[in-house]
Amino acid sequence: MAGGTGSRLHPLTRITNKHLLPIYDRPMITYAIEALVKAGVVEIMLVTGGTHAGEFLRLLGNGHEYGLDRLLYAYQERPGGIAEALGLAERFAGGDPVVVMLADNVVEHSIRPSVERFAKQKGGARILLSRVDDAAHLKHLGVPELDGDGRVTMIIEKPSDPPSPYGVTGIYFYPADVFEVIPTLKPSGRGGLEITDVNKHYVGQARMEYDVIEGFWGDAGESIEAYYQVNDHVRQHGANKD
């Protein structure tokens, strides 16, 4: 998922899509692709929008250079939310389960273990969490309540009293029936279909499992400060390490 207006990174995003901005020595989008390829996901649909969508095709081409077997593109005509963007991939998915990655998310270690666990999972969805020790930052994220059996029992957006020390990252795993869930959603106050509501659907059915990722996780699109924090960490420690 590489859409959005990138308003939180203005003025850097006035002349380009935020996912084309550099992280250390290469474009941000390539870290998400690398994460998926290293996890064994080699068929990808990139969903974007806005006036700079064509730049992704110029950069990535058919994806073979990046280890992809198949790279398709979808265009989101308006900022309709991440869940709406996911809906554009229904034909691409073709009845298979999917992993959704927001392309401004950067992780230090490979997500392959989570891909493998999801493949063995008996139905339902899976999300990746990251421990966030900064209590103030945690209050600006989606925070899960967890049971003792590896399942999520609730997700609270921007909680004043976080029920756990974990933030929901922008990496989600869904079964094929997610494309039946999306049409049932109602637009949020922001006017779009929210991926949080997709997650809450599976939580409500007790069909949401989770992993806590090891090492660093950063949302480079969260703010200018976060963008440079991710840059600094990748420069010093790398990303998507096995």
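The questions below concern a predicted model and the reasons behind some of the terms used for it.

User: What makes helix H1 mostly covered?

Analyst: Helix H1 spans residues 28–38, and eight of its 11 residues are buried. Buried means under 20% relative accessible area, so Met-28, Ile-29, Thr-30, Tyr-31, Ala-32, Ile-33, Ala-35 and Leu-36 each fall below that limit. After H1 comes Gly-40, which has a positive phi near 95°.

User: Why is Asp-219 said to have no salt bridge?

Analyst: A salt bridge needs a side-chain nitrogen of Lys or Arg within 4 Å of a carboxyl oxygen of Asp or Glu. For Asp-219, the nearest side chain of opposite charge is Arg-8, at 4.8 Å. That lies beyond the cut-off, so no salt bridge is counted for Asp-219, although this residue is buried.

User: What makes the pair Asp-219 and Gly-221 a polar contact?

Analyst: A polar atom of the Asp-219 side chain is 3.0 Å from the backbone nitrogen of Gly-221. The limit for a polar contact is 3.5 Å, so the distance qualifies. Asp-219 itself belongs to strand S12, residues 217–219.

User: Which residues touch the most other members of the largest nonpolar core?

Analyst: They are Leu-86, Ile-127, Tyr-172, Tyr-174, Val-198 and Tyr-202, in a core of 34 residues. Leaving aside neighbours within four places in sequence, Leu-86 is in contact with residues including Met-1, Val-98, Tyr-174 and Ile-195. Apart from this core lies another, of 30 residues, with Ala-32 and Leu-46 among them.

Note on methods. Residues are numbered from 1 along each chain as its sequence is written. This is a predicted model: local features need pLDDT of at least 70, side-chain atom pairs count only at pLDDT 80 or more; totals for chains, interfaces and linings use all residues. Side-chain values use heavy atoms; hydrogens and water are left out. Buried means under 20% relative accessible area, exposed over 50%, partly exposed in between (1.4 Å probe, protein chains only). Helices (H or I, at least four residues) and strands (E, at least two) are DSSP runs, numbered from the N terminus. A nonpolar core is a set of buried Ala, Val, Leu, Ile, Met, Phe, Trp, Tyr and Cys residues joined through side-chain atoms within 4.5 Å. Contact means heavy atoms within 4.5 Å. Lys and Arg count as positive and Asp and Glu as negative; His and the chain ends are not counted. A polar contact is a pair of N or O atoms within 3.5 Å; within protein, one must be able to donate a hydrogen and the other to accept it, and residues adjacent in sequence count only if both atoms are side-chain atoms.
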